[in-house]
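Open your viewer and get ready to select residues. This tour tells you where to click next and what is there.

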Amino acid sequence: MAIEVGSVLEGKVTGIKSFGAFVALPEGKSGLVHISEVSNSFVEDINTVLKEGETVKVKVMSIAEDGKIALSIKRLLPREPRPEQRGNGDRGDRGNYRGNGGQRPNGQRRAPRNEAPRVWQPKKVETPENMSFEDMMSRFKSQSEDKLASLNADAPHNRRGGYGNRSRRK
């Protein structure tokens, strides 16, 4: 049987390295099963999954021009079922809170879609007559930081390598 891409073969593990396992195939050829193609789950140490001399079924993934054969064991394994999702499958139920198990912080719920959308309202600007000195200073500081940030974003950054004036460089 000729070795072709997509064919399923049986081979013997001849060597194990940190990046994968070498498998002897029929016709005296050998191929590599990369560590990412050994199992459906994450494999930190390939020695926990495969042993030298073990017989394995592999699928030929690719054959390079120089004769290197890429193999896979996991493509022959049944797919692991996905964890069941709560809700009716509508994206609106789940939100996008992956770090919190899909839960919204503080038990918040998304507004139903039939409600009117919230509209952005500008903040009420307090006049200086109604503000304390600390509030005015805080407002001034905030505004000046914003202005500096926008000026720095617009300013060219000549740090040896920009398109600045070359005649000034020393």
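A polar contact is a pair of N or O atoms within 3.5 Å; within protein, one must be able to donate a hydrogen and the other to accept it, and residues adjacent in sequence count only if both atoms are side-chain atoms. Keep that rule for the second stop. The model is predicted: local features need pLDDT of at least 70, side-chain atom pairs count only at pLDDT 80 or more, and totals for chains, interfaces and linings use all residues. Residues are numbered from 1 along each chain as its sequence is written, and side-chain values use heavy atoms, with hydrogens and water left out.

**Stop 1: the whole chain.** Show the cartoon. The protein chain has two helices and five strands. Helices (H or I, at least four residues) and strands (E, at least two) are DSSP runs, numbered from the N terminus. Along the sequence the pattern reads β-β-β-β-β-α-α. Of the 170 residues, 18% count as buried. Buried means under 20% relative accessible area, exposed over 50%, and partly exposed in between (1.4 Å probe, protein chains only).

**Stop 2: Ser72.** Select Ser72, in strand 5 (residues 69–72). Is Ser72 buried or exposed? Ser72 is buried, because its relative accessible area is 0%. Next, show the backbone of Arg75. Its nitrogen lies 3.2 Å from a polar atom of the Ser72 side chain. Leaving out residues up to four places away in sequence, Ser72 touches Val33, Glu37, Lys57, Val58, Lys59 and Met61. Contact here means heavy atoms within 4.5 Å.

**Stop 3: two rings.** Select Phe19 and Phe22. Rings of Phe, Tyr and Trp (its six-membered ring) pair if their centres lie within 6.5 Å; planes under 30 degrees apart count as stacked, over 60 as edge-to-face and the rest as tilted. By this rule there is one aromatic pair. Phe19 and Phe22 form an edge-to-face pair, 6.2 Å centre to centre, with 90 degrees between the planes. Phe19 is partly exposed, at 39% relative accessibility. Phe22 is partly exposed too, at 31%.

**Stop 4: helix 2.** Move to Phe133, which lies in helix 2 (residues 133–154). Phe133 counts as exposed because its relative accessibility is 57%. That ends the tour.
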